[in-house]
Amino acid sequence: MDAFIRALSKIELHLHIEGSLEPELMFELARRNRVAIPFASADEVRAAYEFSNLQTFLDIYYQGANVLIEEQDFFDLCWAYLLRCRQDNVLHTEIFFDPQTHTDRGIKFDTVINGLQRALERGRSELGISSSLIMCFLRHLDEESAFSTLQQALPHRDKIVAVGLDSAEAGNPPKKFQRVFEAALEAGFLSVAHAGEEGPASYIRDAISLLKVSRIDHGVRCVEDPDLVQQLIDTRMPLTVCPLSNIKLRVFDDMGQHNLVDLLRRGLCVTVNSDDPAYFGGYMTDNFLALAEAHAMTHSEIAQFSLNAIEASFTSSERKHQLVASVEEYLSQQSKSTCRR
Ligand code: HPA
Ligand code: ZN
């Protein structure tokens with residue numbers, strides 16, 4: 001099963017680029033930019049990654065981002081992630097970035113997006129990895145700051161496919177950003193939102209009805225509302241689920257308790273993603289492996305996560321056809337070799 005997972009074509013739809021900052025690169029950037037960090041070594045940084053909930057993670061995560069200053073830093077960050085994509089056979093990725101984490105420290109919006117964009121272009125030409133950017137608003141900040149961020153994004157409309165909503169969920173409901181999302185949709189962006197990770201199922205309902213999202217990020221607390229689950233099944237509303245993240249942030253006690261495989265079998269358009277891989281103990285392959293270790297699945301069930309992600313992605317229909325063909329050819333090759341055995 002491990003070999004099957006490693007070689008499977010994967011599509012990532014829930015990845016915070018700032019959450020892919022490995023401790024080694026954090027140290028390198030801290031040195032380059034002369035930023036003080038409260039750790040003596042990369043191992044010490046890793047040892048500090050023990051979280052009891054979303055907020056304890058966010059505190060460390062925003063601190064880590066302080067080492068990102070120059071356009072080259074954002075390039076290096078994104079390029080390192082793309083090299084991991086190649087290793088994990090991730091063929092397409094839709095990447096979140098949090099401009100406010102940087103603009104609030106005096107870093108220019110253009111510095112952030114130009115560094116990321118340059119890495120993504122190189123990823124397309126040198127690695128064959130297709131990609132797009134999703135700009136997230138930090139929901140613990142106010143509506144005015146989100147509006148100002150949207151304004152700064154408008155000249156880069158062609159580089160950003162959608163807007164999203166992340167950071168501290170509880171107490172920051174979708175309604176707080178309804179008007180910003182209306183303006184973003186009006187400007188031609190698609191929308192997604194984190195909902196039902198630490199917040200209640202009603203936030204998932206509100207993200208769909210008020211923010212007009214095309215996907216829900218996380219969404220695992222939908223099971224608290226059976227009518228909502230039925231709605232998600234009927235409408236094929238995708239959920240971008242992050243198994244290792246959910247264990248690290250204690251959304252579930254352990255992987256055996258995770259509801260992702262159950263949701264897949266009930267016909268939801270669920271996908272597997274890594275969220276903040278440098279903080280949560282693994283990239284895409286690690287997430288699939290951890291899930292498969294705790295839940296027996298067939299090859300075609302595992303491949304269904306990739307097919308769901310292709311269906312849920314914002315890429316062109318031409319690219320979707322290529323990706324589906326890659327998954328289906330692999331599955332049929334595998335079933336032939338299984339029959340021969
Ligand atoms: N939830 C909310 N905000 C985030 C996350 C998450 O899992 N990761 C990075 N920002
Ligand atoms: Zn997330």
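Biologist: Why does Asn287 count as buried?
Modeller: Asn287 has 0% relative accessibility in this predicted model. The cut-off for buried is under 20%, so Asn287 counts as buried.

Biologist: What does Asn287 contact, leaving aside neighbours within four places in sequence?
Modeller: Cys242, Pro243, Leu244, Val272, Asn273, Ser274 and Gly282.

Biologist: What makes the pair of Tyr283 and Asn287 a polar contact?
Modeller: The backbone oxygen of Tyr283 lies 2.9 Å from a polar side-chain atom of Asn287. The limit is 3.5 Å, so the distance falls within it.

Biologist: Which helix holds Asn287, and what makes that helix largely enclosed?
Modeller: Asn287 lies in α15. Of the 11 residues of α15, 8 are buried, so the rest of the structure largely encloses this helix. The buried ones are Met284, Thr285, Asn287, Phe288, Leu289, Ala290, Leu291 and Ala292.

Biologist: Where does α15 lie, and at what angle to β1?
Modeller: Helix α15 (residues 284-294) lies across β1, β2 and β8. It runs at about 105° to β1.

Biologist: What order do the strands of the open sheet follow?
Modeller: The order is β1-β2-β3-β4-β5-β6-β7-β8, with parallel pairing.

Biologist: Why are β1 and β8 said to stand at the edges?
Modeller: β1 (10-16) and β8 (270-272) each have a single partner strand, so one side of each has no neighbour in the sheet. From one strand to the next, the twist averages 25°.

Biologist: How do you know that β4 and β5 pair?
Modeller: β4 (residues 160-166) and β5 (residues 190-195) share 2 bridges, in the parallel sense. Pairing needs at least two bridges, so this pair qualifies. Ala162 stands opposite Leu190 in β5.

Biologist: How many bridges join β1 and β2?
Modeller: There are 5 bridges, again in the parallel sense. At least two are needed, so β1 and β2 count as paired. Ile11 has His92 in β2 as its bridge partner.

Biologist: Why is Ile11 called buried?
Modeller: Ile11, in β1, has 3% relative accessibility. That value is under 20%, so Ile11 is buried. In β1, 7 of its 7 residues are buried.

Biologist: Which residues are in contact with Ile11, beyond four places in sequence?
Modeller: They are His92, Val272, Asn273, Met284, Ser306, Ala309, Ile310 and Leu323.

Biologist: What makes Gln117 a buried residue?
Modeller: Gln117 sits in helix α7 (residues 109-127). Its relative accessible area is 11%. The cut-off is under 20%, so Gln117 is buried. Outside four places in sequence, Gln117 contacts Arg124, Leu133 and Lys159.

Biologist: Why is Lys212 called exposed, and Asn89 partly exposed?
Modeller: Lys212 has 52% relative accessibility. Exposed means over 50%, so Lys212 counts as exposed. Asn89 has 25%.

Biologist: Where are Asn89 and Lys212 found?
Modeller: Asn89 is in the loop between α5 and β2. Lys212 is in the loop between α10 (201-210) and β6 (215-218). Phi of Asn89 is near 60°, a positive value in a residue other than glycine. Phi of Lys212 is near 55°, also positive in a residue other than glycine.

Biologist: How many residues does the largest nonpolar core have, and which have the most contacts inside it?
Modeller: That core has 114 residues, with Phe97 and Tyr279 having the most contacts inside it. Helix α5 (residues 71-87) gives the most to this core, with 8 residues. Another core, of 7 residues, lies apart from it; Phe96, Ile134, Val161 and Ala162 are among them.

Biologist: Which residues are around ligand 1?
Modeller: They are His16, Leu54, Phe57, Leu58, Tyr61, Asp166, Ser167, His194, Glu197, His218, Asp275 and Asp276.

Notes
Residues are numbered from 1 along each chain as its sequence is written. Chains are lettered from A and ligands numbered from 1 in the order in which they are written. This is a predicted model: local features need pLDDT of at least 70, side-chain atom pairs count only at pLDDT 80 or more; totals for chains, interfaces and linings use all residues. Side-chain values use heavy atoms; hydrogens and water are left out. Helices (H or I, at least four residues) and strands (E, at least two) are DSSP runs, numbered from the N terminus. Axes are lines fitted to C-alpha atoms, for helices over the stretch in contact, and angles run from 0 to 180 degrees between N-to-C directions. Contact means heavy atoms within 4.5 Å. A nonpolar core is a set of buried Ala, Val, Leu, Ile, Met, Phe, Trp, Tyr and Cys residues joined through side-chain atoms within 4.5 Å. Buried means under 20% relative accessible area, exposed over 50%, partly exposed in between (1.4 Å probe, protein chains only). A residue is near a molecule or strand if one of its heavy atoms lies within 4 Å of it. A polar contact is a pair of N or O atoms within 3.5 Å; within protein, one must be able to donate a hydrogen and the other to accept it, and residues adjacent in sequence count only if both atoms are side-chain atoms.
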